[in-house]
Amino acid sequence: MKLKRVVVTGLGSLTPIGNNVPQLWDALLRGVSGAGLITRFDTSDYKCRIAAEVKNFDSTQFFDRKELRKLDLFTQFGLVSTDEAIHDAGLDIEKLDLDRIGVIFGTGMGGCETFQNEIVSFAESHFNPRFSPFFITKTIGDICAGQISIKYGFRGPNYSTTAACATSAIAISDAFMLLRLGKADIIVTGGSEAPVIPCGIGGFSSMQALSTRNDDPATASRPFDKDRDGFVLGEGSGTIILEELEHAKARGAKIYAELTGCGLTADAHHIAASHPEGLGAMKAMKQAVEESEMQLSDVDHINTHGTSTPIGDISEPKAVVSLFGDHASKITLNSTKSMTGHLLGAASVIEAIATVLSVKNDIIPPTINHFTDDPNIPPLDFSFNKPTHRRVDFALNNAFGFGGHNACLAFRKY
């Protein structure tokens with residue numbers, strides 16, 4: 001069978017540097033950091049006291065009190081970014097075949113705040129087993145996908161993906177493959193995360209994964225800098241509307257870019273550390289380019305995973321050099337996590353949105369907070385501290401997760 005083409009027709013986001021896509025894009029180009037001291041809870045006893053929180057989010061502007069009893073914060077975030085994406089795509093629900101619209105929406109942590117609060121209440125009640133009737137349906141990772149489909153009546157493929165920090169890239173990959181096979185006309189995809197809670201900060205701190213630059217949060221996320229000391233935990237949500245090309249053209253949809261390929265691999269190396277030579281990352285990028293029927297020399301830009309961790313920020317550039325050879329020096333790389341922080345399961349969809357907008361607008365946001373070169377990192381073009389204006393016809397977006405999961409998405413100018 002002839003595989004169908006897939007395009008991006010709608011974008012939505014809720015992030016630490018902007019509560020919609022125009023705000024996000026503006027902040028990315030201006031190099032705004034979303035990191036600051038945590039406001040949600042008392043961090044006096046915590047080694048890490050900083051995070052990239054969503055700001056000025058009032059849930060009562062979007063949901064009534066009865067609804068809020070049923071929705072963990074991660075689901076609230078997901079519903080809000082999806083509403084923006086659906087409106088941005090111009091989807092007229094009454095005129096569409098709802099059996100042909102799916103939702104594949106991921107999360108790494110799910111309703112972790114609900115889970116934490118219920119267990120604390122259970123312990124404080126001396127183990128009196130009186131739980132909220134919404135405990136399970138607020139906590140399970142698939143519930144955001146389910147809530148989106150219920151709200152809009154979408155009856156196509158519906159499920160969640162979980163692959164740590166590669167989660168939403170894999171959700172987008174799954175959506176891409178189903179659309180290519182003709183299993184749906186439109187798929188709402190992306191991911192959501194709300195991990196800025198005591199257990200989230202405490203757990204990642206115990207792994208020594210988080211930056212402890214508490215006295216200077218705005219510069220704490222330093223991808224590829226010699227003095228990086230860990231990532232800044234973030235929160236938020238991103239939604240992309242993927243659509244089969246002919247369906248999009250028939251309804252006169254605006255098209256941001258074409259999604260042309262994806263690469264999915266495993267390091268099979270370590271539960272938390274990436275392969276030291278970036279072997280899985282290299283193979284994922286190679287797969288994405290090959291599936292796109294493009295050449296390695298066609299790649300103009302890579303939005304890297306770039307978390308600001310000691311090991312990962314070395315292995316990914318090594319993978320780029322190993323795969324692209326001499327062409328690596330002609331690729332503009334960046335890490336938008338330097339501004340948004342690391343949104344875990346929602347990170348890669350936010351970075352995919354940034355990549356799509358780079359392809360559309362021929363502008364690559366900067367990697368901020370670069371002060372000192374690391375001699376262990378190949379001297380590539382990381383768009384340090386200022387945006388890069390160049391033509392971007394073909395770009396990759398990398399995402400890697402604890403467990404050794406690797407994903408790469410390939411976007412081409414339409």
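Predicted model: local features only at pLDDT ≥ 70, side-chain atom pairs only at ≥ 80, totals over all residues.
## The largest pocket

The largest pocket has a volume of about 580 Å³. Its lining is made up of 34 residues, and those closest to the centre are Ala272, Ala273, Ser274, Thr309 and Phe402. By residue class, the lining holds 14 nonpolar, 16 polar and 4 charged residues.

Two elements, helix H11 (312–324) and strand S13 (394–401), each supply at least two residues of this lining. H11 gives the most, with 4 residues.

## The second largest pocket

The second largest pocket has a volume of about 280 Å³. Of the 17 residues that line it, Leu3, Lys4, Arg5, Arg180 and Glu258 lie nearest its centre. Helix H7 (167–180), helix H9 (245–250) and strand S8 (257–266) are the elements that give two or more residues to this lining. S8 provides the largest share, 3 residues.

The lining of the second largest pocket divides into 5 nonpolar, 2 polar and 10 charged residues. In the largest pocket, the corresponding counts are 14 nonpolar, 16 polar and 4 charged.

## The sheet and strand S1

Ten strands form an open sheet with mixed pairing, in the order S5-S4-S6-S7-S1-S8-S14-S13-S9-S10. Strand S5 (158–159) and S10 are the edge strands, and each pairs on one side only. Strands of a sheet pair through backbone hydrogen bonds, either parallel or antiparallel.

Strand S1 (residues 6–14) stands between S7 and S8 in the strand order. Its pairing with strand S7 (residues 236–244) is antiparallel and runs over 8 bridges. The pairing of S1 with S8 is also antiparallel, over 3 bridges. Valine 6 has a bridge partner in each neighbour: glutamate 244 in S7 and leucine 259 in S8. Valine 7 stands opposite glutamate 258 in S8, and Glu258 is also one of the residues nearest the centre of the second largest pocket.

How many of the residues of S1 are buried? The count is 9 of 9, so the strand is largely enclosed by the rest of the structure.

H11 has 13 residues and spans 18 Å from its first C-alpha to its last, close to the 18 Å expected at 1.5 Å a residue. Its buried residues are Asp313, Ile314, Ser315, Glu316, Pro317, Ala319, Val320, Leu323 and Phe324. The cover over these buried residues includes helix H10 (279–291), strand S9 (301–303), strand S10 (332–334) and S13. After H11 comes glycine 325, with a positive phi near 60°.

H7 has 14 residues and reaches 20 Å from its first C-alpha to its last, close to the 20 Å expected at 1.5 Å a residue. H7 is mostly covered, with 13 of its 14 residues buried. Just after H7, glycine 182 takes a positive phi of about 80°.

## Histidine 305

Histidine 305 lies in the loop between S9 and H11. Is histidine 305 buried or exposed? Its relative accessibility is 10%, and buried means under 20%, so histidine 305 counts as buried.

Leaving aside residues up to four places away in sequence, histidine 305 touches Cys165, Glu316, Ser335, Lys337, His342, Asn398, Ala399 and Phe400. Histidine 305 and glycine 325 are 20 residues apart in sequence and 20 Å apart in space, C-alpha to C-alpha.

## Positive phi outside glycine

Histidine 126 has a phi near 60°, a positive value in a residue other than glycine. This residue is in the loop between helix H4 (112–124) and helix H5 (135–139). With a relative accessible area of 70%, histidine 126 is exposed.

Glutamate 293, a residue other than glycine, likewise has a positive phi near 60°. Glutamate 293 is found in the loop between H10 and S9. Its relative accessibility is 71%, and exposed means over 50%, so glutamate 293 counts as exposed.

Methods: Residues numbered from 1 in each chain as written. Heavy atoms only, no water. 1 Å grid on protein atoms, 1.4 Å probe; cavity = no way out; pocket = protein on both sides within 12 Å on 5 of 7 lines; lining within 4 Å. Points joined across faces, edges and corners; volume = space filled by probe spheres on them. Nonpolar A, V, L, I, M, F, W, Y, C, P; charged D, E, K, R; others polar. Buried < 20%, exposed > 50% of the residue type's maximum accessible area, 1.4 Å probe, protein only. Pairing = 2+ DSSP bridges. Expected span 1.5 Å × (residues − 1). Contact = heavy atoms within 4.5 Å.
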